[in-house]
Amino acid sequence: MTRRAVARTLVYLSLIAATLVVLLPLGVVFLTSLKSSKELANGSGALSLPDDLLNFHNYVTAFQDGRMLSAFGNTALILLVAIGGTVLIGSMTAYAIDRFTFRFKKTVVALFLVAALVPGVTTQVATFQIVNSFGMFDSLWAPIALYMGTDIVSIYIFLQFVRSIPISLDESARLDGANAFTIYRKIIFPLLKPAIATVVIVKGITVYNDFYIPFLYMPSEDLGVISTSLFRFRGPYGAHWEIISAGAVLVILPTLIVFLSLQRFIYNGFMRGATR
Amino acid sequence: MTDTTEKAAVKAAAGAALAAPAPAPAPRRARVWRGVTPWLFLIAPLALLITFTYAPIANMIAYSFTDWDGVSPELRYTGAENYTEIFTREDLFRVFFVSGYYLAASAVQIVAALYFATILSFNVRFRNFFKGVLFFPYLINGVAIGFVFLYFFQDGGTLDSVLSLFGYHTDHAWLGTPVSANTSLAGVSIWRYMGLNFVLFLGAIQSIPGELYEAAELDGANRWHQFRYIIAPGIKPVLTLTVILSISGSLSVFEVPYIMTGGATGTETFVIQTLNLAFRFNKTGLASAAAVVLLLIILVVTWVQRRLVPDDKVDLT
């Protein structure tokens with residue numbers, strides 16, 4: 001009994017330690033966001049509780065002066081268009097590749113396959129010139145086009161699902177006189193719902209959190225998305241940790257809510273996305 | 001969401017359908033039409049793919065042999081000069097050593113993820129809570145993480161306060177020297193990415209049929225034996241994939257060091273350096289050469305992985 005009990009205790013201890021490591025930095029930032037600047041200046045330690053647990057003053061400042069409203073708006077717009085486009089493009093590509101035999105099919109497949117190996121960060125120097133030459137630099141179109149155009153993972157996810165839809169469905173529809181577009185629209189697309197959910201979640205979280213692309217392509221302040229707007233807190237609030245903390249909590253909160261409500265789908269989505 | 005996309009799909013399909021020939025077309029036209037159909041679906045994806053992936057790669061390779069500054073219309077062909085510069089100038093070459101910190105962190109991260117995935121795949125109380133806590137950091141915005149940890153490593157910040165709880169008072173500037181700053185940043189990257197590896201391992205372990213454990217237990221195998229002979233071989237493909245992703249990830253670290261230190265005190269990574277060369281010092285040619293080098297390294301690493309674990313899952317046809 002003893003050896004097993006010791007092992008069990010150690011397992012739980014390690015889990016509790018890991019929980020602390022994860023939650024402590026976040027918890028402290030949450031506490032800091034509730035403190036007044038005076039409290040911080042008087043050397044209130046990082047681990048001490050704020051005087052007033054309901055002091056949301058910093059949140060108001062962060063939200064208004066940090067232009068978080070327009071940041072959330074821009075992010076929402078990019079999310080909507082980029083994800084809509086990704087779903088459409090991914091499902092169409094998967095349908096064309098899986099259901100048709102045509103010349104150069106192998107070449108097309110290889111093009112998508114090789115592109116999956118190229119990490120976006122490596123090509124930005126040259127991508128920048130192309131985006132610039134289209135006049136998309138410093139507009140919301142730059143991130144939208146880039147998110148839509150380079151998502152190979154969602155194509156893989158759609159492909160797996162299209163493959164699992166029996167071809168006999170297509171054939172019977174074809175006998176009823178449906179053409180390829182009707183089949184895609186009426187049979188394939190509706191049956192892809194689980195794949196669409198996966199892509200929306202995985203892509204949504206990636207886009208919401210991305211810093212690199214908006215930072216590089218949308219320098220003007222009006223076009224801030226949540227990550228670049230938060231990044232700009234560094235300047236005006238440099239030493240005001242209470243406001244920076246409030247901003248960080250504001251950005252993390254939506255993620256937390258989505259995560260808590262969609263846990264199961266999120267795990268599955270990332271498993272599918274990463275292992276392809 | 002689905003509603004709007006569906007509408008868009010309908011519109012796209014309807015637009016294409018208008019162009020379709022009248023019903024009961026001549027057999028030959030029908031055949032031509034069948035040949036064109038897949039391309040109608042592929043036009044948009046291929047156009048985007050070529051514009052935003054292949055054209056940049058081609059341009060980048062072309063730029064890498066020039067001294068272009070990214071703005072002026074003039075550019076001079078300089079041969080392999082940029083490449084020799086990358087491998088001979090020590091200040092440019094140094095960023096590879098920074099990747100070493102992140103590589104070491106990846107090793108720690110994989111071991112920790114493997115440990116937690118194994119214990120949480122057995123019956124543990126509050127399993128879903130621990131699962132959620134361990135995975136959640138992966139979903140958090142990178143800028144927010146940067147700020148959280150800037151405060152964590154600050155003088156009198158979270159870390160110092162915790163240490164003083166244990167009676168360990170320190171005035172160590174965690175981000176003050178290259179070694180300690182890089183170690184701290186690599187620690188942040190463990191904190192951030194461990195959850196993803198953990199969830200991948202967990203998924204792989206759970207796909208191992210449960211009867212195997214029962215049979216092993218009847219044969220008197222303990223937990224370690226179960227891990228050694230059932231779990232480890234069962235998740236080998238995911239494990240190799242993770243190792244490869246970690247290597248390419250370690251080489252392309254950008255967000256956390258850029259947000260936290262801006263690349264100061266010797267924490268500049270390959271990507272930060274490339275961006276600085278291109279957009280701050282206007283050395284597009286040199287930056288392109290650096291990017292080509294990074295791309296080649298990552299392609300080689302991936303190729304090695306494909307040789308080691310030839311998995312049929314990635315096969316598209």
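Helices here are DSSP runs of at least four residues, numbered from the N terminus. I am working from a predicted model.

**Entry 1, two loops.** I looked up Thr265(B) and placed it in the loop between helix H13 (255-260) and helix H14 (270-280) of chain B. Its phi is positive, about 40 degrees, although Thr265(B) is not a glycine. Most residues other than glycine have a negative phi. With a relative accessible area of 31%, Thr265(B) is partly exposed, because that label covers values between 20% and 50%.

I then turned to chain A, where Arg67(A) is likewise not a glycine and has a positive phi of about 55 degrees. Arg67(A) sits in the loop between helix H3 (57-65) and helix H4 (68-99). Its relative accessible area is 38%, so I noted Arg67(A) as partly exposed.

I checked the span of H10(A), residues 180-191. From first C-alpha to last, its twelve residues reach 15 Å, close to the 16 Å expected at 1.5 Å a residue. Which residues of H10(A) are buried? I listed Ala180(A), Phe181(A), Ile183(A), Tyr184(A), Ile187(A), Ile188(A) and Phe189(A). An α-helix has 3.6 residues a turn, so residues three or four places apart point the same way.

I went through the largest nonpolar core, which has 147 residues. Which of them touch the most other members? They are Phe233(A) from chain A, and Leu120(B), Phe135(B), Phe149(B) and Phe198(B) from chain B. A second, separate core has 40 residues, among them Val87(A), Tyr95(A), Ala96(A) and Ile152(A).

I found Phe129(B) in helix H6 (residues 127-135) of chain B. Phe129(B) has a relative accessible area of 45% and is therefore partly exposed. I also took the C-alpha to C-alpha separation from Phe129(B) to Asp171(B), which is 35 Å for 42 residues of sequence.

I noted a nonpolar patch on the surface formed by Leu47(A), Leu165(B), Phe166(B) and Tyr168(B). Together these residues have about 490 Å² of accessible area. Where does Phe166(B) lie? I placed Phe166(B) in the loop between helix H8 (158-165) and helix H9 (178-206) of chain B. Is Phe166(B) buried or exposed? Its relative accessibility is 69%, so Phe166(B) counts as exposed.

Technical notes. Residues numbered from 1 in each chain as written. Chains lettered and ligands numbered in written order. Predicted model: local features only at pLDDT ≥ 70, side-chain atom pairs only at ≥ 80, totals over all residues. Heavy atoms only, no water. Expected span 1.5 Å × (residues − 1). Buried < 20%, exposed > 50% of the residue type's maximum accessible area, 1.4 Å probe, protein only. Core = buried A, V, L, I, M, F, W, Y, C linked by side-chain atoms within 4.5 Å. Patch = residues over 30% accessible without salt bridge, like charges linked within 9 Å, V, L, I, M, F, W, Y side chains within 5 Å. Areas by Shrake-Rupley, 256 points an atom, 1.4 Å probe, with all protein chains shown as cover. Salt bridge = Lys/Arg side-chain N within 4 Å of Asp/Glu carboxyl O.
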